[in-house]
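Dear colleague,

Please find below the structure that I am handing over to you.

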Amino acid sequence: MPLSCIDLSPRMGSEVKITKSELMSGRRASEIRALLDQRGILLFRGLAPDDSELRAIARTLGDLRIGAAKRTADGKTLTEGEEGILKVSLDETVNPEYARFLIGNHLWHMDGTYEEIPPLATLFTPFRLSKTGGDTMFANTYAAFDDLPDGEKAELEKLRVVHTMQAALFPAKRDCTPEEFAVWYSYPQRLHPLVWHHRSGRKSLVLSTSGAYVEGMHPAESHDLLQRLMAHATQEKYTYRHKWRMGDLVIWDNTGAMHRVMPFDRESGREFHRATLNGEESVTATSDRLVPASIRVSA
Ligand code: OGA
Ligand code: MN
């Protein structure tokens, strides 16, 4: 029997009707992986997985990320949550290491663009919701690329973009201190092609707020191109906006989609539990890691 699913929007997202035990059994894992690739996000209502169930579901679909995901230039390691579960919260008492990076989640992004092989997918379930705001939006970067004129596609395929932590976080926190900026700046930068040629043969735009500039292009042209592509890829026809209910499980594809969280009340304690699947292919074999020169911070 095929998976029972309903489209959430014409070009992005499917709700899948399956019981928790069937999902955890892994019997439908290859169909779920294929559907995720096609639809960008999958929604399962009412499953309310606890942390060990979330890990178990993740492991049926891929390689669960455990620890040591982020490393600063000076060698400090930030762990990706406890045993594969990251608590996504802006409250530093809930997540002392990550909370200060999560402000960047408000802007359209892909996760882990600083890594040679960005994460494959994320499993995300609410632990506490904000009474107001806090929807998550998704944009399909396969569809956005597919719809461009052929000539433009060919031009974009020649370009590479430098992704940096400060490009992702500064627009979300313009009033940062020089020390905060220096921490962002200490992260490795990464050069990725603007167009991802996936092993499947499909192509998507590698767009994210972390995309600072196009290699070798005049800064003015680079700025305009990246802004125009971002505006193109986030048009309503390529997006889906998810209104959360407790019990939801959402899985998003991090290789052919962007996501963002909409504003919410910081005092709400909004918290999600997330499991990340390691990536399985680099954007290209030639993704280079750039190590920035260190900058001095005046006291
Ligand atoms: C993330 C993220 C969005 C949200 O965890 O990577 O972007 O809705 N989360 O909290
Ligand atoms: Mn994210």
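In this predicted model, Asp91 has a relative accessible area of 35% and is therefore partly exposed, since that term covers values between 20% and 50%. Asp91 is located in the loop that runs between β6 (86-89) and β7 (121-128).

Along the chain, Glu116 and Thr284 are 168 residues apart, yet a separation of 8.7 Å is found between their C-alpha atoms.

The next point concerns the metal site. Which protein donors does the manganese ion (ligand 2) have? They are His109, through NE2, Asp111, through OD, and His259, through NE2, and they lie 2.1 Å from the ion. The spacing of these donor residues in the sequence can be written H-x1-D-x147-H. Asp111 belongs to the loop between β6 and β7, whereas His259 belongs to strand β16 (residues 257-261), so this pair ties together parts of the chain that are 148 residues apart in sequence.

Are these two residues, Asp111 and His259, buried or exposed? Both Asp111 and His259 are buried; that is, each has under 20% relative accessible area.

Yours sincerely,
A colleague

Methods: Residues numbered from 1 in each chain as written. Chains lettered and ligands numbered in written order. Predicted model: local features only at pLDDT ≥ 70, side-chain atom pairs only at ≥ 80, totals over all residues. Heavy atoms only, no water. Helix = DSSP H or I, 4+ residues; strand = E, 2+ residues; numbered from the N terminus. Buried < 20%, exposed > 50% of the residue type's maximum accessible area, 1.4 Å probe, protein only. Donors = N, O, S within 2.8 Å, 3.2 Å for Na, K, Ca; no water.
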